[in-house]
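User: I am new to this structure. Can you walk me through how to read it?

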2 protein chains.
Amino acid sequence: MGEESSDRADALFHALADRTRRDILRRVLAGEHSVSALAANYDMSFAAVQKHVAVLEKAGLLTKRRSGREQLASGDVAAVRSVASMLTELEQVWRGRIARIDRLITPDPDQED
Amino acid sequence: MGEESSDRADALFHALADRTRRDILRRVLAGEHSVSALAANYDMSFAAVQKHVAVLEKAGLLTKRRSGREQLASGDVAAVRSVASMLTELEQVWRGRIARIDRLITPDPDQED
DNA sequence: CAAATATACAACCAATCGGTTGTACGTTGT
DNA sequence: ACAACGTACAACCGATTGGTTGTATATTTG
């Protein structure tokens, strides 16, 4: 694994490690929302929400599109899937362990012990 | 979503948001390793690695088992899967959006427009 | 028993985080 | 033209993070 992909993984998991950001991501995956429309849902300043949106954008979890004076945010499902695939890869590492244990318990009769 | 499950999600994603911890998790998913055996792989103090292991343990991503003077860490694949399912749920939210757009483009002929 | 090993934890430090307020700037509507 | 709106960003602040060193406590080994 390269330095870049680790940086990206860091950014993705970090972006997801905040409930406000996960909630914003859920909303923008469901549909486009302006930053101020998103901000209206939370008990914090507009600037705070705007920073959360910026973190999600830098991680690649959402993209923005200008529409007049509004900035419409939309969730990127491909980025969500890329995180899921990292976890699947970890699960595969675990499967390898189980396979090794299995081979130890029930050795292949064709194989020398 | 409850307060507790959000706390747990925070802890899980935060634990995964560090490349050293992801590497440790990969190793302990592949098999049991003592804390000092893990520490030998990284260019940082034993205490630093021990803290990383503690973060993973608190998040429920690994468990420890005492064996003499060693503490053997083992990855918990169920916790990894629980994170994956959170992402799947997010993907489902996105599918709902696509379904709505689809219904708009190709309205069901049985349904009034 | 004494020395070495494995772990845990406290105290400390610089950097980052999540929030705030204030300011600036482009766009819209009157 | 000007007031209101939507956004971006800087400066600041307390809390947390990821690292350090040092100390304490079991457990093994000679």
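Analyst: Start with overall shape. This is a predicted model.

User: What does the C-alpha trace of chain A span along its principal axes?

Analyst: The spans are about 70 × 25 × 20 Å.

User: How many of the residues of chain A count as buried?

Analyst: Of its 113 residues, 25% are buried.

User: Which helices and strands make up chain A?

Analyst: Chain A has 5 helices and 3 strands. Their order along the sequence is α-α-β-α-α-β-β-α.

User: What share of contacts in chain A joins residues at least 24 apart?

Analyst: Take the contacts between residues at least 6 apart in sequence. Of these, 51% join residues at least 24 apart.

User: Now the two chains. How do I read a pair of packed helices?

Analyst: Two packed helices are described by the angle between their axes and the distance between the axes.

User: Which residues make the contact?

Analyst: From α2(A) come L25(A), R26(A), L29(A) and A30(A). From α5(B) come L90(B), V93(B), W94(B), G96(B) and R97(B).

User: How do the residues of that contact divide into nonpolar, polar and charged?

Analyst: The contact of α2(A) with α5(B) has 6 nonpolar residues, 1 polar and 2 charged.

Definitions and conventions: Residues are numbered from 1 along each chain as its sequence is written. Chains are lettered from A and ligands numbered from 1 in the order in which they are written. This is a predicted model: local features need pLDDT of at least 70, side-chain atom pairs count only at pLDDT 80 or more; totals for chains, interfaces and linings use all residues. Two residues are in contact if their C-beta atoms, placed from the backbone, lie within 7 Å. Helices (H or I, at least four residues) and strands (E, at least two) are DSSP runs, numbered from the N terminus. Ala, Val, Leu, Ile, Met, Phe, Trp, Tyr, Cys and Pro count as nonpolar, Asp, Glu, Lys and Arg as charged, and the others, Gly among them, as polar. A residue is buried if 20 or more other C-beta atoms lie within 10 Å of its own, exposed if 12 or fewer, and partly exposed in between; C-beta atoms are placed from the backbone.
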